[in-house]
Amino acid sequence: MTETRIERFDHATIAVRELDAAVAAYRTLLGAEPTFVGADPELGVQSAVFGLGNALVELVAPEPSAPEAEGLRALLAASGEDEGIFLLSPDSGAKPGMKVS
């Protein structure tokens with residue numbers, strides 16, 4: 001079996017239920033302030049981004065009344081808080097559909 005190693009990734013998006021509480025927790029965990037906090041009305045989400053050298057951690061929470069965020073609310077209901085979705089840089093060595101463990 002060929003071993004695959006990811007050399008870097010662009011950012012990790014982490015779905016959370018409540019953005020303010022998550023920002024406070026990740027501020028402590030990462031020892032950093034978010035570089036961006038805002039909303040995306042088209043997607044019905046609030047987000048915060050932490051810059052960590054050559055990668056980003058993005059927290060995304062559904063707006064409570066936004067119908068556009070129904071998919072994110074369903075993901076959180078099914079999987080729970082801190083459900084991570086990793087987005088790799090194009091030159092990371094990963095291939096589409098590749099399982100990373």
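Which residues are exposed on the other side of α1? Select Asp-20 and Thr-28: those two are exposed there, exposed meaning over 50% relative accessible area, buried under 20% and partly exposed in between (1.4 Å probe, protein chains only). Before going on, note that this is a predicted model, where local features need pLDDT of at least 70 and side-chain atom pairs count only at pLDDT 80 or more, while totals for chains, interfaces and linings use all residues. Residues are numbered from 1 along each chain as its sequence is written, and side-chain values use heavy atoms, with hydrogens and water left out.

**Stop 1: helix α1**

Now pick Leu-19, Ala-22, Val-23 and Tyr-26, which are buried in α1. They sit on the same side of the helix because they cover an arc of only 100° around the axis (the arc of the directions from the helix axis to the C-beta atoms). Show what surrounds them: the buried residues of α1 pack against β1 (11–15), β2 (36–40), β3 and β4, with contact meaning heavy atoms within 4.5 Å. Helices here are DSSP runs of H or I, at least four residues, and strands are runs of E, at least two, numbered from the N terminus.

Zoom in on the start of α1, where a side-chain oxygen of Glu-18 comes to within 3.3 Å of the backbone nitrogen of Asp-20.

**Stop 2: the cores**

Next, select Ile-14, Val-16, Leu-19, Ala-22, Val-23, Tyr-26, Ala-48, Phe-50, Val-57, Leu-59 and Ala-61: that's the largest nonpolar core, with 11 residues. Such a core is a set of buried Ala, Val, Leu, Ile, Met, Phe, Trp, Tyr and Cys residues joined through side-chain atoms within 4.5 Å. Two or more residues each come from α1 (19–30), β3 (45–52) and β4 (55–62), and α1 gives the most, four. Another core of seven residues lies apart from it, including Ala-15, Val-60, Ala-69 and Leu-76.

**Stop 3: salt bridges**

How many salt bridges does a search of the whole structure find? Two, counting a side-chain nitrogen of Lys or Arg within 4 Å of a carboxyl oxygen of Asp or Glu. Arg-27 pairs with Glu-33, with closest N and O atoms 3.0 Å apart; Arg-27 is partly exposed at 32% relative accessible area.

Finish on Glu-70 and Arg-73, whose closest N and O atoms are 3.3 Å apart. They are three residues apart in helix α2 (residues 70–79), so about one helical turn separates them.

Note on methods
A polar contact is a pair of N or O atoms within 3.5 Å; within protein, one must be able to donate a hydrogen and the other to accept it, and residues adjacent in sequence count only if both atoms are side-chain atoms.
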